[in-house]
Amino acid sequence: MHLRSLTWPLLIVGLLALLAVPFFPQLVYSVFIMKTLCFVLFACAFNLLLGHTGILSFGHAAFFGTGAYVTGQLVKAYGVPTELGILAGGLVAALLGAVIGALAIRRSGIYLAMITLAMSQLVFFFFLQAPFTGAEDGLQRIPRGTLLGIIDLNSDAALYYVVLGIVGAGLWVVWRTVNSPFGQVLRAIREHEPRAISLGYPVARYKVLVFTLSAGLSGIAGSLKAIIFQLAALYDVHWHTSGDVILMTLLGGMNTVFGPAVGAVIVSTLNHYLDPFGAWVTVIIGVVFMTCVLTFRQGVVGELGRLLRSRHVPKPTKAPPHASARADSQR
């Protein structure tokens, strides 16, 4: 079966499974699925930079954690409605992404990546020292509140469908961005930046815009996580989280639109179900990552897509012997 013919049936089955999660609490923990959905959005947003623009950021946790802290503080200390708090978290993260992006794109390659790491560490130490964040204890007891004053988000089932809807909208934005003229320019920058410049595209502006969009979506993912767990912690802004999202993207397939989502599901599932092994979780995930890198060079989704495409490549037909003999005689 062709890859495109498989896409819609898989999406429909996956959506139906996600919609049914709250009805089977004995099989799957809805809070775990909500956390996974947050990382799905985070990974796909990060891949706008790495996979589609060719920009490696070592500091994307800065945007994820900023969204969490901003939303938590607004909702807890100032009584801002939850939906406005999530929106504000995304907007502040997008603004931070525009600033960091404008500074980072002045360099390229590893130098750009190290600038993003350095800026991320500045953000980390800000939240470590800020009086409202609770330092190592984190910003705790964040109220979930209500959505639009109607839906009580203290119910896990109600919150689950809200998170599913927001993440779905975020993934649609990612898909629409990739499959647009803007996304085509991003891929042109990734493939050959000097040629994109020679064609007249304002490459620096495109880089800042995609940095801003990626940071904003990452901030919304962090905001949702803060509402789900009623906690914004330093781990949300730590460089380990930046490493996790890179791992998710590479594992799923960075040259695909939703490959990082599969990587996020794999990493989140391993962390959740292997938690009893303690520190060995890191070793196990490392082994899984090395195995996948050696086996699936294009990531899980990328490699599966390549295998499906290779099955439908028509094999060249050999000319019968008498045909080749006739051709020789005509020469």
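A: The answer starts with the pocket and then moves to the side chains and rings.

This is a predicted model, in which local features need pLDDT of at least 70 and side-chain atom pairs count only at pLDDT 80 or more, while totals for chains, interfaces and linings use all residues. Residues are numbered from 1 along each chain as its sequence is written, and side-chain values use heavy atoms, with hydrogens and water left out.

The second largest pocket holds about 620 Å³ of space. A pocket here is an open set of points on a 1 Å grid over the protein atoms alone, where a 1.4 Å probe fits and protein lies on both sides within 12 Å along at least five of seven lines; lining residues have an atom within 4 Å of a point. The volume is the space filled by probe spheres set on the points, which are joined across faces, edges and corners. The lining has 24 residues, and those closest to the centre are Lys35, Tyr235, Asp244, Val267 and Asn271. At least two lining residues each come from helix H2 (30–53), H9, helix H10 (239–252), helix H11 (259–273) and helix H12 (280–295). H10 gives the most, with five. Helices are DSSP runs (H or I, at least four residues) and strands are runs of E of at least two, numbered from the N terminus. By class, the lining has 13 nonpolar, seven polar and four charged residues. In this count Ala, Val, Leu, Ile, Met, Phe, Trp, Tyr, Cys and Pro are nonpolar, Asp, Glu, Lys and Arg are charged, and the others, Gly among them, are polar.

Helix H9 also carries Lys225. Lys225 is buried, at 13% relative accessibility; buried means under 20% relative accessible area, exposed over 50%, and partly exposed in between (1.4 Å probe, protein chains only). The side chain of Lys225 makes a polar contact of 3.0 Å with the side chain of Asp236. A polar contact is a pair of N or O atoms within 3.5 Å; within protein, one must be able to donate a hydrogen and the other to accept it, and residues adjacent in sequence count only if both atoms are side-chain atoms. Apart from neighbours within four places in sequence, Lys225 is in contact (heavy atoms within 4.5 Å) with Cys38, Phe39, Phe64, Leu231 and Asp236.

Leu231 is also touched by Gly138, together with Thr133, Ala232 and Ala233, not counting residues up to four places away in sequence. Gly138 and Leu231 are 93 residues apart in sequence but 6.7 Å apart in space, C-alpha to C-alpha. Gly138 lies in the loop between helix H5 (109–129) and strand S1 (139–140) and is buried at 7% relative accessibility.

Phe39 and Phe64 are linked with Phe42 into a cluster by ring pairs. Rings of Phe, Tyr and Trp (its six-membered ring) pair if their centres lie within 6.5 Å; planes under 30 degrees apart count as stacked, over 60 as edge-to-face and the rest as tilted. The whole structure has nine aromatic pairs. One of them is Phe63 with Phe211, edge-to-face at 6.5 Å centre to centre and 80° between the planes. Phe63 lies in helix H3 (residues 61–77) and Phe211 in helix H9 (residues 203–229), so this pair ties together parts that are 148 residues apart in sequence. Phe63 is buried at 1% relative accessible area, and Phe211 is buried at 0%.
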